[in-house]
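Student: I am new to this structure and would like to go through it step by step. May we begin with the core?
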Amino acid sequence: GGSGAARALSDEFDDVADQYASIAFAECKARVAADAEHAHLESRKWLCGQLQDVFEEHFGTQLQQAATDIGTTIDAAEEHADVAAIVDEARAALRAAVDALLAQKRRLSDEQIRNALYEHFPNVWFRKALTGQADYVKSEAAPKRHSAKKARTVVGATFDKAVARAPHDVFVELYAPWCGHCQELAPKWDALAAAFNAAYKRTKRRDVVVAKFDATANDLPAAHEQAYKIEGYPTLYYKPHDADAPKPFNGERSVAALARFIKRQLSRNNADYELPDEVKAAVKAESDEKLRELDEQRGTARRVVIACTANTTARDRERALQSDMDAYLTKPFSKSQLRG
C-alpha cells in the first residue's frame, strides 16, 4: 500500500524498485482476476510475472539515473516529495500500462513491455518522484553573456523562452560534447552563427538565431520533448517564430547547405529574401577552404579541369563544388585533359 511505498523511499533504489514492481504485479493480477473467462487467460497470467520483472529493472534503472542527473538521493527525496501522491499517481499510470498490455492478444517480449512502461512512466516522472516538482528540468546555469563569434548557448531553464517561444526564428543544434560528428560541425555552426550575428549588428534586423543545446547536461522541458525528439547527435531543428512545431534538418552539414536551408525557411514569408552579405562571405570562405584542400590533394590538374582562370567568379566555384565535381575529380586524368 501507500505507507509501504512511503517507507521504501528511505531505502536503497533496489528496494524502491521492488516495492513498485510488486504494485505492478498486484494491479495486473487484479485485472486478470476480474476477467477470468478471457480466452487468453494463461498468457495474461504469464504477462503479470513478466511485467513485475521488467518493471523492477526499468524502475530501478530510471530512478537511479534520475537521482544521478539531479544530484539527489532517496533519503533526500523523502524530505520534499509527497510520497502518498506519488504512489497514487504510480498506480494510475500502472493501470493504464497494464490495460494497454492486456489488450494485446499475444505474448509480448520484454522490450514491448518496457516500451509500454516508458510511455506511461516517461523520464520526467522519476525526476518528479525525487523532487516533488512536476516541471523539474535539469539545467546548467544560463550564460550571462553570449559571444557574437559563436552559436548562442541555450540551457534547460531557457529553452522554452529562447527557442520554442522566441520572437524570431531559431536554428538549434542538440548535441553531446563527446560526439565526433558534433565536434566536426562545431566550427561550421559557429561560423554560421557569427555571420548572422554580424549581419544583425549591421542591419539591426534579426533574421535567425543560431543556437546550441548540450542535451547531456540539460533536459528538454517535458512540453517540448516530443517536438524536439533526439534520434542521435547532432540533431538540428529550425523553429520558425510563427509556427508551433520545429522543422528537422537532415541535409549536408556544411555552411553552404545550412545557409541555403535557412534561406528557404525565411523565403516562406518573403519571396525576395536574400542572405546577408556576411553569410555569403562565410559560404565563400568555406568554398575557398575546400578549394585549397583540393589543390593540396590534386595539384594543378584539378584547376585545369574546372577551368579556374583569372575570370572564374566565386559563384562559378561554388557551383562546381555543389555539383558532383568532387567525385569526378577522383577519376584519372588523361594527358589530353591536362593539356586542356
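Tutor: A nonpolar core is a set of buried Ala, Val, Leu, Ile, Met, Phe, Trp, Tyr and Cys residues joined through side-chain atoms within 4.5 Å. Please keep in mind that this is a predicted model.

Student: How many residues does the largest nonpolar core have?
Tutor: The largest nonpolar core has 37 residues. Those with the most contacts inside this core are Tyr20, Leu51, Phe55, Phe59, Ile113, Phe121 and Trp125.

Student: Which elements give two or more residues to this core?
Tutor: They are the helices H2 (13-33), H3 (41-70), H5 (83-102), H6 (110-120) and H7 (123-131). H3 gives the most, with 10 residues.

Student: What does Phe59 touch?
Tutor: Leaving aside residues up to four places away in sequence, Phe59 touches Val16, Ala17, Tyr20, Trp125 and Phe126.

Student: Which residues does the second core include?
Tutor: This separate core of 25 residues includes Ala256, Leu258, Tyr273 and Val279.

Student: Let us turn to the strands. Why is E3 described as largely enclosed by the rest of the structure?
Tutor: For E3, 7 of the 7 residues are buried, so the strand is largely enclosed by the rest of the structure. Val208, Val210, Lys212 and Asp214 point one way from E3, while Val209, Ala211 and Phe213 point the other way.

Student: Which way do E2 and E3 run, parallel or antiparallel?
Tutor: E2 (residues 169-175) and E3 run parallel and are joined by 7 bridges. In one of these pairings, Phe171 has Val210 in E3 as its bridge partner. Between the two strands the chain passes through H9, and this β-α-β crossover is right-handed.

Student: And how many bridges are there between E1 and E3?
Tutor: E1 (residues 152-154) pairs with E3 in the parallel sense over 3 bridges. Here the bridge partner of Arg152 is Ala211 in E3.

Student: A change of topic: what is the phi of Lys204?
Tutor: Lys204 has a positive phi of about 60 degrees, although this residue is not a glycine. Most residues other than glycine have a negative phi.

Student: Where is Lys204 found, and is it buried or exposed?
Tutor: Lys204 is in the loop between H9 (180-203) and E3. This residue is exposed, with a relative accessible area of 63%.

Student: Finally, which peptide bond is cis?
Tutor: The bond from Tyr233 to Pro234 is cis, with omega near -10 degrees. Pro234 lies in the loop between E3 (208-214) and E4 (235-239).

Technical notes
Residues are numbered from 1 along each chain as its sequence is written. This is a predicted model: local features need pLDDT of at least 70, side-chain atom pairs count only at pLDDT 80 or more; totals for chains, interfaces and linings use all residues. Side-chain values use heavy atoms; hydrogens and water are left out. Helices (H or I, at least four residues) and strands (E, at least two) are DSSP runs, numbered from the N terminus. Buried means under 20% relative accessible area, exposed over 50%, partly exposed in between (1.4 Å probe, protein chains only). Contact means heavy atoms within 4.5 Å. Two strands pair if DSSP finds at least two bridges between them. A crossover is right-handed if, with the strands pointing away from the viewer, the path from the first strand over the helix to the second runs clockwise.
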